[in-house]
Amino acid sequence: MSKPPSAARLRAARLESHGLRGGLPHVVDAVRRLGAAQAQDFTAAKWVLGARVPGSVVADVDAAIESREIVRSWPLRGTLHVLPTDRLRPILAITGPRVLQQAATRHRQLELDEATFRRARAVAETELAAGGSRSRDELQAAWEAAGIATAGQRGYHLIWRLASEAVLCWGPIEGRGQRLVLLDEWAPASAAPEDRDETLAALFRAYIAGHGPATVRDFAWWSGLTLGDARTAHAAAGDAVTAFDDERFVASDTGWPADPGSPTPRVAGGVALPPFDEYFLGYGDRDAVCDPAHAARVIPGGNGVFQPILVRGGLVVGTWRRGRGREASSVVLEGFDAASVIDPATFTASLRAWARFWGHELGGVTVA
């Protein structure tokens with residue numbers, strides 16, 4: 001029986017899948033590599049991509065959105081993600097009905113019935129017709145004017161419902177955010193609908209290519225699909241994926257499974273990743289890259305708000321934060337414990353790239 005891959009080899013393989021070892025050529029390549037990246041924190045999502053593309057700047061992400069190569073909507077787990085525009089409709093065809101069913105109780109609590117959704121859709125289509133766009137506040141004001149109340153999360157759920165039905169998506173950049181548009185006008189459908197298994201296979205291949213080594217259960221959590229659908233996706237992916245160990249898979253063209261006993265490539269330096277980065281967030285089981293004893297430091301209080309992370313040798317060893325006020329260009333690093341002592345020099349190159357991405361010079365780097 002062959003020796004199972006080491007933890008270090010697993011983490012090195014994940015860094016490579018994520019594009020964090022050698023880098024990727026363009027932000028669109030980063031999105032396609034990951035399959036999708038969680039993006040309810042739009043600012044954080046931009047650095048998720050920037051961290052994987054050496055020399056990139058925030059304008060590159062904005063340009064990829066404005067060119068409609070990538071799009072931001074609610075395709076997975078009912079949560080905002082950025083993904084390749086051509087993948088949004090096929091994915092929503094599978095995930096949309098499931099998340100809407102899961103939200104039925106909440107919609108009843110908000111007194112949002114089918115008649116209200118139909119009225120809201122008609123107003124939105126009128127407001128956004130002929131290439132129009134509206135901010136969230138502007139669209140909600142139009143609903144209010146039509147007699148559709150938006151207070152108490154009703155406005156958010158109206159937008160979310162229409163996006164889950166492939167009616168709306170986020171479009172043009174405006175300041176730090178985006179404006180809402182009709183998906184049919186922003187990115188018209190260009191092909192016949194995919195077969196369901198074909199969509200599942202494509203999603204599994206993309207997830208494994210950008211997150212592997214990972215398990216079928218990891219994929220089920222990330223996608224929000226049932227475990228049955230996740231298993232179907234794995235089977236439909238065929239020989240595009242291959243086993244890394246007894247549970248995890250990698251893309252077949254990576255070379256990682258070829259010789260599990262061979263020396264693990266050395267992973268030099270460290271990376272400073274944003275909140276909600278897929279390297280930590282994108283798995284149902286995160287123990288391979290973060291000691292479970294420290295996971296609560298990344299998600300304090302288990303409230304779903306992820307902190308920026310420091311990754312050394314593929315292992316999450318601490319968190320970091322930007323300074324305030326006049327020290328906004330400075331950074332404070334904080335290791336988890338004495339065993340994960342933080343050397344600022346390990347992360348300086350990554351932090352300089354982060355500062356350059358946002359168009360400023362890196363200030364002081366201190367350890368808390």
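**Aromatic rings and a strand hairpin**

Good morning. Both F276 and F306 are buried. Please keep in mind that the structure before us is a predicted model.

Let me turn to the aromatic rings in general. Searching the whole structure gives 12 aromatic pairs. One of them joins W74 and W170: the ring centres are 6.4 Å apart and the planes meet at 40°, so this pair is tilted.

I return now to F276 and F306. Their ring centres are 5.4 Å apart with planes at 45°, so this pair, too, is tilted. F276 sits in the loop between β8 and α14, whereas F306 sits in the loop between α15 and β9, 30 residues apart.

There is also an aromatic cluster, formed by F204, Y207, F219, W222 and Y283. Over the ring of Y283 sits the charged end of R14, 3.8 Å from the ring centre.

Next, consider strand β2, residues 70–76. Why is this strand described as largely enclosed by the rest of the structure? The reason is that 7 of its 7 residues are buried. Strand β2 pairs with strand β3, residues 79–84, in the antiparallel sense over 5 bridges. The two strands form a hairpin with 2 residues between them, and R77 in the turn has a positive phi of about 60°.

Finally, R72 has V82 in β3 as its bridge partner. R72 also lies over the face of F42, 4.4 Å from the ring centre. Thank you.

Key. Residues are numbered from 1 along each chain as its sequence is written. This is a predicted model: local features need pLDDT of at least 70, side-chain atom pairs count only at pLDDT 80 or more; totals for chains, interfaces and linings use all residues. Side-chain values use heavy atoms; hydrogens and water are left out. Buried means under 20% relative accessible area, exposed over 50%, partly exposed in between (1.4 Å probe, protein chains only). Helices (H or I, at least four residues) and strands (E, at least two) are DSSP runs, numbered from the N terminus. Two strands pair if DSSP finds at least two bridges between them. Rings of Phe, Tyr and Trp (its six-membered ring) pair if their centres lie within 6.5 Å; planes under 30 degrees apart count as stacked, over 60 as edge-to-face and the rest as tilted. A charge sits over a ring if NZ of Lys or CZ of Arg is within 6 Å of the ring centre and within 35 degrees of the ring normal.
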